[in-house]
Amino acid sequence: MIRKICENHPMDSDYDNGRILTNQGSFPGRNKQIKLKSWEISWDGAAGTLDGTINIYASNSGHSESRIQSINVGSASNTDDCVLDAPIVDSEFIRFEYTAHSITAGTLNIVLFYDSINP
């Protein structure tokens, strides 16, 4: 299953998706659950001072969280070398936060990929 949580977001404004459950419950029509497998982060057309940051946070409680990855937006585009990564911790929630800083243009995309698992 693919879930686009951030599609063509203007990079001159900050973004925060809020916490997302990594286990999305029952897979429709089957006795399976779906669990976050990986994510893909890409941007294109970034302009201005390329100093944006993308932070990824994990949480088990939904109240406190830990930053598990920080990505610097230091190029105009990463579509030929996007960030494709997998969770390093088995957490209940994940959150993606983008801070534009001095970036004045461009688009940001974040896509989540889920796998079906046996409950």
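**Asn 109 and its surroundings**

Reader: Which residues does Asn 109 touch, not counting residues up to four places away in sequence?

Author: This is a predicted model, in which local features need pLDDT of at least 70, side-chain atom pairs count only at pLDDT 80 or more, and totals for chains, interfaces and linings use all residues. Residues are numbered from 1 along each chain as its sequence is written, and side-chain values use heavy atoms, with hydrogens and water left out. With contact meaning heavy atoms within 4.5 Å, and residues up to four places away in sequence not counted, Asn 109 touches Cys 6, Glu 7, Asn 8, Glu 40, Ile 41 and Ser 42.

Reader: Is Asn 109 buried or exposed?

Author: Asn 109 lies in strand E10; strands are DSSP runs of E with at least two residues, numbered from the N terminus. Buried means under 20% relative accessible area, exposed over 50%, and partly exposed in between, with a 1.4 Å probe and protein chains only. The relative accessibility of Asn 109 is 19%, so this residue counts as buried.

Reader: At what distance does the side chain of Asn 109 reach the backbone nitrogen of Asn 8?

Author: Asn 8 is among the residues that Asn 109 touches, and Asn 8 lies in strand E1 (residues 2-10). The side chain of Asn 109 reaches the backbone nitrogen of Asn 8 at 2.7 Å.

**Backbone angles**

Reader: What is the phi of Asn 8?

Author: Most residues other than glycine have a negative phi. Asn 8 is partly exposed, with a relative accessible area of 47%. Although Asn 8 is not a glycine, its phi is positive, at about 55°.

Reader: Where is His 101 placed?

Author: His 101 is a residue other than glycine with a positive phi, near 55°. Its relative accessibility is 51%, so His 101 counts as exposed. Its place is in the loop between strand E9 (93-99) and strand E10 (103-117).

Reader: How many bridges join E6 to E9?

Author: Two strands pair if DSSP finds at least two bridges between them. E2 and E9 run antiparallel, joined by 2 bridges, and strand E3 (residues 20-21) pairs with E9 in the antiparallel sense, also over 2 bridges. Ile 94 in E9 is the bridge partner of Ile 20 and also stands opposite Ala 58. E6 and E9 run antiparallel, and the number of bridges joining them is 7.

Reader: How many strands does the protein chain have?

Author: Of the 119 residues, 38% count as buried, while E9 is mostly covered, with 5 of its 7 residues buried. The protein chain has 0 helices, and its number of strands is 10.

Reader: What is the mean pLDDT of the protein chain?

Author: pLDDT is the predictor's confidence in each residue, from 0 to 100. Confidence is lowest in strand E4 (residues 23-26), at a mean of 70, and highest in strand E2 (residues 15-16), at 98. In the protein chain 92% of the residues reach 70 or more, and the mean pLDDT is 91.

Methods: Helix = DSSP H or I, 4+ residues; strand = E, 2+ residues; numbered from the N terminus. Polar contact = N/O pair within 3.5 Å; in protein donor to acceptor, adjacent residues only side chain to side chain.
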